[in-house]
Amino acid sequence: MKSITVEEITAAVRQLCMDVSYDLPADVERALQAGLEREESSFGQYCLTQILQNCQMARESRQAMCQDTGIAVVYLEVGQDVHIVGGSLTDAVNEGVRQGYEDGYLRKSVVMEPLFSRENTGDNTPAVIHTEIVSGENLRILVVPKGAGSENMGAVKMLKPADGLEGAKKFILDTVRNAGGNPCPPIVVGIGVGGTMEKAPMLAKKALTRELGSRNPNPLYAALEEELLGEINKMGIGPQGLGGRVTALAVHIEYYPTHIAMLPVAVNLNCHAARHREVIL
């Protein structure tokens, strides 16, 4: 049995919230650089150059790479042999988010009640927390800030099984096409297939946390990822929606068993600032 204190968890989340806002993951930066090398549009080349310069300046100056520092989505993989000591795990995570956004001078974007008052909570809490019990005695914390520009362009649809693969592809491509330049391309496209109406979007969002360009281990889904990436980059939306070949950096698909009468499909998009960072305690 391994003991982890709530103070350790709070400190880790605090640091993750700041680091993920200042420092773009290396896999994303490599994909942006590769995109610049193959982009043919002069506007697209200009946009990608500016994006890469912005990422470097954010890292060096320890300032947010984007003014929308997002709502904090936190994935927790809790080993079944871990003992959380000193208080509530949820409270510890939210306190880390509060400290990270305050100490890191990050924009507070969360409103407590969505329909009527929409009053800002003032500290970017509460986070959206997903907890999974796994084997072992470690706690993995993955912080994924999600900005509104990309998040608002996502969609979920309950297709009929008869719609099949072609129906799923049409929905996915239509979602990206309709999003256009709104999610600040080049984007990362996360797709969730299967499960139920709530499971598919969770799969789609988790797909965005994979190493960029990694392939689904199922060769059928890996081939579909490649096909969809090619089709999306033929749309001509381009970097920042100004036209070009590089609309998407990657397409990642995750799937789950589903009911015989269901075919849920969800699309979740990341902007070019595809922020994600983790620590294992």
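Visitor: At what angle do helix α6 and helix α8 pack, and how far apart are their axes?

Guide: First, a caveat: this is a predicted model, where local features need pLDDT of at least 70, side-chain atom pairs count only at pLDDT 80 or more, and totals for chains, interfaces and linings use all residues. Residues are numbered from 1 along each chain as its sequence is written, and side-chain values use heavy atoms, with hydrogens and water left out. Now the pair: α6 (residues 164–179) and α8 (residues 219–232) pack at about 40 degrees, with axes 11 Å apart. Axes are lines fitted to C-alpha atoms, for helices over the stretch in contact, and angles run from 0 to 180 degrees between N-to-C directions. Helices (H or I, at least four residues) and strands (E, at least two) are DSSP runs, numbered from the N terminus.

Visitor: What do you call that arrangement of α6 and α8?

Guide: The two are therefore oblique to each other. Under 35 degrees would be roughly parallel, over 145 roughly antiparallel, 65 to 115 roughly perpendicular, and the rest is oblique.

Visitor: Which residues of α6 and α8 meet?

Guide: From α6 you have L165, K169, I172, L173 and V176, and they meet L224, E227, L228, E231 and I232 of α8. Contact here means heavy atoms within 4.5 Å. By class, that contact has 7 nonpolar, no polar and 3 charged residues. For the classes, Ala, Val, Leu, Ile, Met, Phe, Trp, Tyr, Cys and Pro count as nonpolar, Asp, Glu, Lys and Arg as charged, and the others, Gly among them, as polar.

Visitor: OK, on to α1 and α4. How do their axes cross?

Guide: Helix α1 (residues 6–22) and helix α4 (residues 89–103) have axes that come within 7 Å and cross at roughly 40 degrees. That makes α1 oblique to α4. Their contact divides into 10 nonpolar, 4 polar and 3 charged residues.

Visitor: How many residues are in the largest nonpolar core, and which have the most contacts inside it?

Guide: There are 26 residues, and I9, L76 and I141 have the most contacts inside that core. A nonpolar core is a set of buried Ala, Val, Leu, Ile, Met, Phe, Trp, Tyr and Cys residues joined through side-chain atoms within 4.5 Å. Buried means under 20% relative accessible area, exposed over 50%, partly exposed in between (1.4 Å probe, protein chains only).

Visitor: Which element gives the largest share of this core?

Guide: That's α1, with 9 residues.

Visitor: And what does I9 touch?

Guide: Skipping neighbours within four places in sequence, I9 is in contact with I4, I84, L89, A92, V93, L139, I141 and L281. Another core lies apart from that one, with 22 residues, including I172, A179, I253 and V265.

Visitor: Switching to α7: which residues are buried there?

Guide: In α7 (residues 199–207), the buried ones are A200, L203, A204, K205 and A207. They pack against β2, β5, α5, β7, β8 and β9.

Visitor: Is L220 buried or exposed?

Guide: L220, which lies in helix α8, counts as exposed because its relative accessibility is 68%.

Visitor: What about V134, where is that found?

Guide: V134 is in strand β4 (residues 128–134). At 23% relative accessibility, V134 counts as partly exposed. Leaving out residues up to four places away in sequence, V134 touches E77, V78, G79 and Q80.
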